[in-house]
Amino acid sequence: MSWPIPNYAIEKKPPEGELVDIMGGAARWEIKVHDHGLVALTDVMPRLAPAGKTADFAIVQAARVSYGAGTKQINEDRGLIRYLARHRHTTPFEMVEFKFHHVMPIFVARQWIRHRTANVNEYSARYSVVKDRFYHPGVEDVRKQSATNRQGGTEPMDSLTAKEFCDYLDEVEKSYEKYEKFIERGIAREIARIALPASVYTEWYWKIDLHNMFHFLSLRMDDHAQQEIRDYANAMFALIQPIVPIAAEAFIDYNFQSIHLTRLEVEAIKLSKPLASENKRENTEWDEKKKKLGL
Ligand SMILES: Cc1cc2nc3c(=O)[nH]c(=O)nc-3n(C[C@H](O)[C@H](O)[C@H](O)COP(=O)(O)OP(=O)(O)OC[C@H]3O[C@@H](n4cnc5c(N)ncnc54)[C@H](O)[C@@H]3O)c2cc1C
């Protein structure tokens, strides 16, 4: 075979100790979301860890490369990971990767895909027939538009209107029969699909590193995010938490449940004065933070 690469001697070195499968030998770890949705963890890097360690070890291994201290006690690893998280030394967290299989409604995927740091391969509704699956909230899940937050609502809608809405969704979902019929009559799948609502499900494989995963989770587990995508984000956190328990705890402590203070807010605390801003929204945000801080 003519090949320009020299015939290297590849050294295959044995591990220093016993290695264990991070996913305990499973092919997938799955959590069902809503009626038809799914978050499935299908692979992790590193997949193998020294016995007694979690995938957190890969973060520590990368962080310690500069001074070569390979084996340390678990409590020292924890201290280092928490230090890295507090000081936003993010690259060691990129040494852990997750591959997921997600099944979610298109309106959720539409928000999700804005996160550009993942690698995605999605079901093609040009190539394949869309499956007959729709996100259908229960009457109790139909929320009322908030008067203060233009982007959403948390209060339940009155049950009569909510029921009427759910009945209407039943009608909308009947569009599937028409979709199938038009495909049978020869309309291209890429055109026929435009007759389906945004509640229809899509699916994809989605790969991301831990640093960018935490960024995604900080935005999509947050109560500003739409409840439906939060349901997926929470399921993802539940799946990765046992894989990287130390990093996950640091994420909650130093990112997700931490509070960022602006210069004006720091001044307001220091001087025990109102916020030096006339912006209504900024003041509302400050009120919320004060409440969380017990001030
Ligand atoms: C509650 C909520 C409401 C939202 N409302 C709206 C809305 O009304 N309209 C709307 O359009 N979007 C909306 N979004 C989407 C939002 O603006 C972001 O597009 C989305 O959250 C992805 O965030 P990101 O860019 O930080 O994440 P990612 O794309 O995952 O990127 C992660 C980080 O990588 C860096 N990065 C990635 N790509 C680039 C790049 N090309 N250039 C520079 N830096 C880059 C940035 O630092 C970025 O923070 C909303 C998001 C949330 C959570």
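Which side chain does aspartate 43 meet in a salt bridge? The partner is arginine 47, with 3.0 Å from N to O. Keep in mind as you look around that this is a predicted model.

**The chain as a whole**

- You'll find 11 helices and 7 strands in this chain.
- The radius of gyration is 24 Å, while the globule rule gives 19 Å for 295 residues; the chain's value is well over that, so the chain is more spread out than a compact globule.
- Out of the 295 residues, 36% are buried.
- Take the contacts between residues at least 6 apart in sequence: 70% of them join residues at least 24 apart.

**Charges and salt bridges**

- The chain carries 41 positive and 42 negative side chains, and the centres of these two sets are 4 Å apart.
- Side chains of opposite charge can pair when their charged atoms come close.
- Searching the whole structure turns up 18 salt bridges.
- Back to the opening pair: aspartate 43 has a relative accessible area of 29%, which makes it partly exposed, and arginine 47 is partly exposed too, at 23%.
- Arginine 64 has a salt bridge to aspartate 77, where the closest N and O atoms are 3.1 Å apart. This pair links distant parts of the chain, 13 residues apart: arginine 64 sits in the loop between helix H1 (56-63) and helix H2 (74-86), and aspartate 77 is in helix H2. Arginine 64 and aspartate 77 are both buried.
- Another salt bridge brings together arginine 133 and glutamate 203, at 2.9 Å from N to O. Arginine 133 is in the loop between strand S6 (119-122) and helix H4 (159-173), while glutamate 203 is in strand S7 (residues 201-209), so the pair ties together parts 70 residues apart in sequence. Arginine 133 and glutamate 203 are both buried.
- There's a network as well: salt bridges link Arg78, Arg82, Glu249 and Asp253.

**A buried charge without a salt bridge**

- Look for arginine 230 in helix H8 (residues 227-240).
- Arginine 230 is buried, yet it has no salt bridge. The nearest side chain of opposite charge is aspartate 223, and that is 5.5 Å away. A salt bridge needs a side-chain nitrogen within 4 Å of a carboxyl oxygen.
- What does arginine 230 touch, leaving out residues up to four places away in sequence? The list is Arg220, Met221, Asp222, Asp223 and Ala225.

**A closer look at leucine 48**

- Leucine 48 belongs to strand S4 (residues 48-50).
- Buried or partly exposed? Leucine 48 counts as partly exposed, with 44% relative accessibility.
- Setting aside neighbours within four places in sequence, leucine 48 is in contact with Leu19, Val20, Asp21, Ile22 and Phe57.
- Glycine 24 is 24 residues from leucine 48 along the chain, and the C-alpha atoms of these two residues are separated by 9.6 Å.

Note on methods:
Residues are numbered from 1 along each chain as its sequence is written. This is a predicted model: local features need pLDDT of at least 70, side-chain atom pairs count only at pLDDT 80 or more; totals for chains, interfaces and linings use all residues. Side-chain values use heavy atoms; hydrogens and water are left out. Helices (H or I, at least four residues) and strands (E, at least two) are DSSP runs, numbered from the N terminus. The radius of gyration is taken over C-alpha atoms; the globule rule is 2.2 Å times the number of residues to the power 0.38. Buried means under 20% relative accessible area, exposed over 50%, partly exposed in between (1.4 Å probe, protein chains only). Contact means heavy atoms within 4.5 Å. Lys and Arg count as positive and Asp and Glu as negative; His and the chain ends are not counted. The place of a charge is taken as NZ of Lys, CZ of Arg, CG of Asp or CD of Glu.
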